[in-house]
Structure formats: structure tokens, C-alpha cells
Amino acid sequence: MSVVFVAASQLPTPFGVFTMHGFLDEASGKEHVALTLGDVASGEPVLGRLHSECLTGDALFSLRCDCGFQLEAALRAIAEAGSGVLLYLRQEGRGIGLLNKIRAYELQDAGADTVEANERLGFGADQRDYAMCQPMLEHLGICAVKLMTNNPRKVKALESYGLKVAERVPLQTGLNKHNRKYLATKAGKLGHMLGNLHQAESES
Ligand SMILES: Nc1nc2c(ncn2[C@@H]2O[C@H](COP(=O)(O)OP(=O)(O)OP(=O)(O)O)[C@@H](O)[C@H]2O)c(=O)[nH]1
Ligand SMILES: [Zn+2]
């Protein structure tokens, strides 16, 4: 896989001033981003998140999923820790793309769950691969992470690329009445570890 670093700049956010590193995956043409804060290349495990693109949740305030809430919580946690990394991966809709995700939402509006909807459209339940993470993290000098995720596939994927996941840090936030079924399906069919899901349902 050829993932090349292109440029880096500052990215001030409400949580802190991150450094934004831009990468091009030459095979797919996808443009990925890493946000870092503090010293991430010390060799010690850094707080990290692999965040898959969700235009609807990350930018359009959608309550159908938990993505936007997780993005904010992860950046906040990194800022509080004083160092860490968030890889923003352009694998929208668990890899099926935005327009197909809207097709899948249409099927979900008619009663399908998130997995059934993908399958009815001829896709796998989760088509993501995380191969781009290895060269991105290597460029940043990161070999070990404390990974903020509820998704065991992300842990396995990083380990399969020779990266060390020193710890899994649960990232449960943003439960509301619109995403309750979606999150239950993630736990039931996709293996997400969402044991304390019902602790903090927010009104929407
Ligand atoms: N196909 C499809 N994709 C969805 C749906 N809801 C959210 N997504 C996508 O699912 C992905 C969620 O990614 P992440 O935030 O990395 O979350 P995750 O794999 O659930 O694991 P965590 O690390 O625990 O958050 C994003 O790419 C979203 O666009 C849906 O109903 N159908
Ligand atoms: Zn989402």
C-alpha cells in the first residue's frame, strides 16, 4: 500500500491546537488526516482513535449514530491527556460511501437494521480495512496506542499490522432515542463492546 505524507499544518480547535497531517493513499485516491497533539513519538503508548468518516454524524449533527459525539469526546480526551493522535479515515459508511449510506438509511427508515440494509444493497456489513493506519502511524513515529474504541475489529486490525494496542479505552457516548436501535445492532451483530450503553441516554 502506498500512503504518502503530503503536508502538515496547525489546526486550532475548541479543545486545543492540534497538528494536522495530510496523507494521500495513492491506490484509492483517498485523502486521510491525522491530528496529533503533544509528543507522540516518545515510544510510549499514546492515546489514539481511528475515526471512520461519517459526514452525517461528524459534520451534519446527525443523531442516527454516535460518530459526532465520539469524535468530540476523543479530541477532548486527547487534549486532556496532553498528547495523542486521531486518524480521520475516509471510509464513509463503513466503506460503502456516502450515497450508498443514504440508500442504507432509506432501507433503515423502512425497518431494516444497519447490517440488513448493507446486505440488501449487496455489501458486507462492514467493508472497512485499516491498512492505511500502519504507514500513517509509522510516519508519526507511533508504534503503540491506547485505543479509544468499542470495536474489537479495530484492535485486531492494528495488531495485524504489527502495532501494539497497549490498552482499549471504551468510548461510549451520544446515546439517544434515534440511535438506540443502531447501537444495539452494533453490539448484537457487529460485536461492539457497549456494555454500559444505557447509562447516559441524552434527550434529543
Ligand atoms: N453503512 C452504514 N454505515 C454507517 C451507518 N451508521 C454509521 N455508519 C458509518 O459507520 C462508521 C462508524 O465508524 P466509527 O466511528 O469508526 O465507529 P465504529 O466502527 O462503530 O467503532 P468505535 O471505534 O467503537 O466507534 C462511519 O464510517 C459511519 O459513516 C449505517 O447505518 N450504515
Ligand atoms: Zn455516524
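**The nonpolar core and its surroundings**

Guide: In this predicted model, the largest nonpolar core has 23 residues, of which L87, C133 and L158 touch the most other members. Two or more residues are given to this core by each of the strands β4 (46-52), β5 (84-89) and β6 (144-148) and by each of the helices α5 (133-140) and α6 (152-160). The largest share, four residues, is that of α5. C133 itself, with residues up to four places away in sequence left out, touches L50, L87, L89 and L158. Apart from this core lies another, made up of twelve residues, including L71, A74, I78 and Y88. As a general background, nonpolar side chains in soluble globular proteins tend to be buried together.

Burial in this model also extends to a polar residue, T36. Strand β3 (residues 31-37) contains T36, and the relative accessible area of T36 is 6%; because the cut-off for burial is under 20%, T36 counts as buried. The side chain of T36 is joined to that of H21 by a polar contact of 2.8 Å. Beyond its neighbours within four places in sequence, T36 is in contact with F18, T19, H21, G84, V85 and L140.

Helix α7 may be considered next. In α7 (residues 180-189), the buried residues are Y182, L183, T185 and K186. Viewed down the helix axis, these buried residues fall within an arc of 155°, so they line one face of α7. They pack against α4 (114-120). Just after α7 comes G191, with a positive phi of about 80°.

Ligand 1 is surrounded by 26 residues, and the closest are R49, R128, T149, K154 and K186. For Y182, an N or O atom of the side chain is 3.3 Å from a nitrogen atom of ligand 1. Oxygen atoms of the ligand are also approached: a polar side-chain atom of T149 lies 2.5 Å from one oxygen atom of ligand 1, and for R49 the corresponding distance from an oxygen atom of ligand 1 is 2.7 Å. Ligand 1 taken alone exposes 660 Å², and the protein buries 99% of that area.

Key: Residues are numbered from 1 along each chain as its sequence is written. Chains are lettered from A and ligands numbered from 1 in the order in which they are written. This is a predicted model: local features need pLDDT of at least 70, side-chain atom pairs count only at pLDDT 80 or more; totals for chains, interfaces and linings use all residues. Side-chain values use heavy atoms; hydrogens and water are left out. Buried means under 20% relative accessible area, exposed over 50%, partly exposed in between (1.4 Å probe, protein chains only). The arc is that of the directions from the helix axis to the C-beta atoms. Contact means heavy atoms within 4.5 Å. A residue is near a molecule or strand if one of its heavy atoms lies within 4 Å of it. A polar contact is a pair of N or O atoms within 3.5 Å; within protein, one must be able to donate a hydrogen and the other to accept it, and residues adjacent in sequence count only if both atoms are side-chain atoms. Accessible areas come from the Shrake-Rupley method with a 1.4 Å probe; for residues, only the protein chains shown count as cover. A nonpolar core is a set of buried Ala, Val, Leu, Ile, Met, Phe, Trp, Tyr and Cys residues joined through side-chain atoms within 4.5 Å.
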